[in-house]
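The sequence and model are shown below.

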Amino acid sequence: MRFRFILSETWTSLRRNVPMLLSVMLVTFISFLFIGASLLTQAQITKAKGDWYDKVKVVVWLCPDGNSQSANCSTGKAATTAQINELQKVIQQELPNDVSQVTFMSREDFYNNSFVKQYPKGEYQGRTLTAADMQDSLWLKLKNPENYRVVSEVLSNRDGVEEVVDQRQIFEPVFAILNRATVATGGLAVIMVIAAIMLTGTTIRMSAASRREETEIMRLVGASNWTIRLPFILEGVIASLAGSLLSCGALALFVKVFVTDWLAKSVTWIPYVDQTTVWLVSPILIVGAMVLSVLASSIALRRYLKA
């Protein structure tokens with residue numbers, strides 16, 4: 001009987017306060033959309049780092065055929081077999097505690113296995129490149145990636161070496177931008193959550209004020225504090241639940257359209273978040289919205305429904 005009464009009161013309140021409930025739903029939707037975007041951005045960073053850092057190597061780019069800005073390649077000739085063998089010998093003798101694996105990659109292998117995958121059909125900055133435009137290289141797997149500078153100092157000035165590059169230097173600016181995006185969306189999310197709490201509290205308080213006579217009658221006939229408060233709390237929870245579900249749907253649609261169906265097909269060498277990631281984030285958004293609604297409603301009701 002009491003449960004049926006609470007549901008009846010909640011339904012009555014929902015019908016009476018549709019405009020205010022829509023505003024709560026909208027601000028919850030926007031707030032948790034930003035929170036979800038922040039969580040997905042951080043998940044993207046973590047996914048990319050986990051995939052890339054495991055594959056990252058130090059690349060020793062050998063002198064190419066033709067002009068080069070490196071003094072080591074002033075002859076304009078590609079590194080010779082003798083120079084390559086000498087470099088591998090230096091790595092074995094001087095860097096045995098730093099380098100765990102050395103792989104020679106010819107320019108043909110690099111073009112077919114790496115360059116074409118990153119730039120389909122070999123098109124780069126308006127030009128169509130071939131294997132002849134590439135250069136040979138040595139790919140070093142370090143035992144400790146933090147020792148990159150030691151490896152670079154030993155190999156940089158050797159004959160036949162154009163440049164020593166730590167691949168992490170390529171990715172760090174990307175991660176820095178994504179981290180800033182996470183902070184920005186997180187900051188906006190915090191502001192919107194505060195707005196959602198205030199709006200939810202105000203809405204529930206106005207709903208309670210408009211039904212003050214009813215609540216007083218309920219108190220006089222012996223209704224408990226929770227029996228009086230619960231319909232108002234459920235009112236806010238339902239609105240917040242609807243808003244959070246909309247935000248989860250919007251995130252799933254965004255990932256499907258812009259990430260899975262477009263970006264993942266255009267740039268194939270980056271691992272992306274997917275619908276599974278959205279489903280993992282969704283419970284956090286839904287539960288978070290409901291908990292914040294309960295807190296906001298409980299605080300607001302203390303003013304009008306004091307124990």
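In what follows, a contact between residues means that heavy atoms lie within 4.5 Å. The model is predicted.

## Overall architecture

The protein chain contains nine helices and six strands. Of its 307 residues, 39% are buried. Among contacts with a separation of 6 or more, 82% join residues 24 or more positions apart.

The chain exposes about 17,500 Å², and 61% of this area is supplied by carbon and sulfur atoms.

Helix α5 spans residues 148-155, and its buried residues are Tyr148, Val151, Ser152, Val154 and Leu155. Viewed down the axis of α5, these buried residues fall within an arc of 165°, so they line one face of the helix. The face turned away from this buried side carries Arg149 and Glu153, which are exposed.

Leu95 is located in the loop between α3 (81-94) and β2 (99-105). Its relative accessibility is 1%, and because buried means under 20%, Leu95 counts as buried. Leaving aside residues up to four places away in sequence, Leu95 touches Val90, Val150, Val151, Val154 and Leu155. Val151, Val154 and Leu155 are among the buried residues of α5. Between Leu95 and Val154 there are 59 residues of sequence separation, while their C-alpha atoms are 8.3 Å apart in space.

## Ser137 in strand β5

Ser137 belongs to strand β5, which covers residues 137-142. With a relative accessible area of 0%, Ser137 is buried. Its side chain makes a polar contact with the side chain of Trp139, at 2.7 Å.

Which residues does Ser137 touch, not counting those up to four places away in sequence? They are Val59, Val60, Trp61 and Leu62, together with Thr103, Phe104 and Met105. Strand β2 has the residue range 99-105, and Thr103, Phe104 and Met105 are contacts of Ser137.

## A nonpolar patch and Trp262

Leu253, Phe254, Val257, Phe258 and Trp262 make a nonpolar surface patch of about 540 Å². Trp262 is placed in helix α8, which runs over residues 225-266.

Is Trp262 buried or exposed? The relative accessible area of Trp262 is 52%, and since exposed means over 50%, Trp262 is classed as exposed. By contrast, Ser137 is buried, at 0%, as is Leu95, at 1%.

How values were computed
Residues numbered from 1 in each chain as written. Predicted model: local features only at pLDDT ≥ 70, side-chain atom pairs only at ≥ 80, totals over all residues. Heavy atoms only, no water. Patch = residues over 30% accessible without salt bridge, like charges linked within 9 Å, V, L, I, M, F, W, Y side chains within 5 Å. Areas by Shrake-Rupley, 256 points an atom, 1.4 Å probe, with all protein chains shown as cover. Salt bridge = Lys/Arg side-chain N within 4 Å of Asp/Glu carboxyl O. Helix = DSSP H or I, 4+ residues; strand = E, 2+ residues; numbered from the N terminus. Buried < 20%, exposed > 50% of the residue type's maximum accessible area, 1.4 Å probe, protein only. Polar contact = N/O pair within 3.5 Å; in protein donor to acceptor, adjacent residues only side chain to side chain. Arc of directions from axis to C-beta.
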